[in-house]
Amino acid sequence: MYKKYVYLLTLTLLIITSLFTTNIRPAFADLPPLIKREILFGNPEKVNPQISPDGKYVTYIAPDKNDILQVWIRTLGKQDDRMLTADKKRGIRRYFWTYDGKQLIYLQDINGNENYNLYAVNVNTKEVRNLTPYKNIQARTIALDHKFPNQILVGLNIDDPRRHDAYRIDLKTGKATLEMKNSGTVVQKVADPQLKIRATVATTPDGGSTLSTRTNTSEPWKIVRKWGPDEEGGAVSFSQDGKTLYIRSNHNANASRLLALDVASGKEKVIAQDPQYDLAGTLIHPTNQEIQAVGFYKDKLEWQVLDNNIATDFQALSKVRRGQFSIVGRDLADKTWLVAYLTDDGPVYYYKYNRDTKQSKLLFSNQPELEKLQLAQIKPISYKSRDGLTINGYLTTPVGIPAKNLPTILLVHGGPWARDIWGYDPIVQWLANRGYAVLQVNFRGSAGYGKKFLNAGNREWGAKMHDDLIDGVNWIVKQGIADPKKVAIMGGSYGGYASLAGVTFTPDVFAAAVSIVGPSNLVTLMENIPPYWEPIRALLYNRVGNPKTEIEFLKSRSPLFFVDRIQTPLLIGQGANDPRVKQVESEQIVNAMRKANKPVEYILYTDEGHSFVRPENRLHFFAKTEEFLGKYLGGRVEPVGNIPGHSGVVK
């Protein structure tokens, strides 16, 4: 999942900026000018370009005159940009082309409730149609294919909110026809090149899963692979002839590999692997379905080219500019690619690449104002945990001052079965610009480092997973980078939980804490999962704990029941419509802290869910966070100011 987001550097502005800066330590005088939060947390100028199937148009997301993100279109080679959509409030972030070349589809929910509908917009008439006009449902895209340009397979939980059945939708008429019922445990459906569902992944009662295939839709399903609760696997795609199913799996290996499975015989062949790092992505040819390259995310993304036909293309792309690149779009003729270059100290750059000439041309960057600024570099680091595991992460220190005895933010990622990556991060750059060192830790349980490392986090919320974070704090203090009396912990989702755990389980370590949509009670978290997470309930119980049989265990890992230990100032942000970490998770610990006369600030955003996507709300929350951190850690502060349009209720 999950997001990479103006001022002129003149003497006058430097003077104005200095007037807006408070709580400055003497050492901070050598920092670059204060970067306005609007640049870091406002909407991007242009982002997420996609190319039309015929290669004639490029579309992208950009704000309208009211600063709401819309889909725009441009004829390649021209400057005839025009807006296609007219969303009224939340803005559009996810969209894709259909193969008829006349329609785009975008996804939108209501105020962050994750009940996404699919909308089709005609690129010529700008007519918008809701393809899934049902209330309180969630639509999931299953497949499109260029040979069936007027059809799309979609998962809809119309009959039962806990399961998504497969529907075939006619893109001309909007008619939806049931394609396949869900038994209740199916979490992935994969279509072959004839747009027929011929592979599924279903969960099992022990938290594992099974892979089933069929030779055609009239044949019965056959289980061809089983994974236990401590293994992972899934389907990637079918070959052009439909006889081979490419899968990712870590059975018989530590890290997830790419394998080719013969549907008829069930035999498997390893296509690509790394002994330590999981498969991170695949590049698939737009028409012949051949897997041409795979990515493994180490300290940075590394590509392994499987198809010699694109080897010279990757060589050419590697020389265009500094940073790591990814192919984000291709036309059906495979003549034109759209390529994104991610850097750590600047915006994301998007290029149009011509395969015939091997030439790249810059389309745009997502935030040109960043190019004028002095941003910090993000450096990979590693250290040993107290029980001997190698813990990887990233360190960012402020530009212009020595990395010595700095106020420091331990920034914890969500998931927790995700990971931090290298590249531009607005939160990291904001903190570094304010004078903080930023430590990001891929603690045990983080994804990408193989199943042994992932499973080391099972049932370790608030325990060994948290120990890894504290070991990171000890490491950065020992390096002389962090002031041990000025360390704060901050994060969202699991990172929010880690912040709450930090102030309860290790109350002497942190000087301040910020929790964003963080669960405070693992019992209520597990009891109140979204209905469409029902198929993975057993997996969650295996990794976290079972509230039906292990209430005391889960309570022992829940910050809510240790409020009496808190001695650290705490700021909590919550989305009122969050279906994953519900509002009660924040409010129950806020209420408990207030009864115990513990310091807490609480902000509820009435039109947000599991993240703050409206720029007004982002600007408000991070302004309040900056003020909070400045008060307790002494970093630089830009005044909160007037932020119209935010929905934050400060309690």
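Two strands pair if DSSP finds at least two bridges between them. Helices (H or I, at least four residues) and strands (E, at least two) are DSSP runs, numbered from the N terminus.

This is a predicted model, in which local features need pLDDT of at least 70 and side-chain atom pairs count only at pLDDT 80 or more, while totals for chains, interfaces and linings use all residues. Residues are numbered from 1 along each chain as its sequence is written, and side-chain values use heavy atoms, with hydrogens and water left out.

The predictor's confidence in each residue, pLDDT, runs from 0 to 100. Its chain average is 94, and 96% of the residues score at least 70. Over residues 1-24 pLDDT stays under 50. Where pLDDT is low, the predicted coordinates should not be read in detail.

Four strands form an open sheet in the order S1-S2-S3-S4, with antiparallel pairing. S1 and S4 stand at the edges with a single partner strand each, so one side of each has no neighbour in the sheet. S1 pairs with S2 over three bridges, and Gln 50 has Thr 59 in S2 as its bridge partner.

| Strand | Residues |
|---|---|
| S1 | 47-51 |
| S2 | 57-63 |
| S4 | 82-83 |

A nonpolar core is a set of buried (under 20% relative accessible area, 1.4 Å probe, protein chains only) Ala, Val, Leu, Ile, Met, Phe, Trp, Tyr and Cys residues joined through side-chain atoms within 4.5 Å. The largest has 60 residues, and Trp 461 is one of those touching the most other members. Helix H7 (residues 494-505) gives the most to this core, seven residues. Apart from it lies another core of 38 residues, including Trp 422 and Phe 621.

Key
Contact = heavy atoms within 4.5 Å. Buried < 20%, exposed > 50% of the residue type's maximum accessible area, 1.4 Å probe, protein only.
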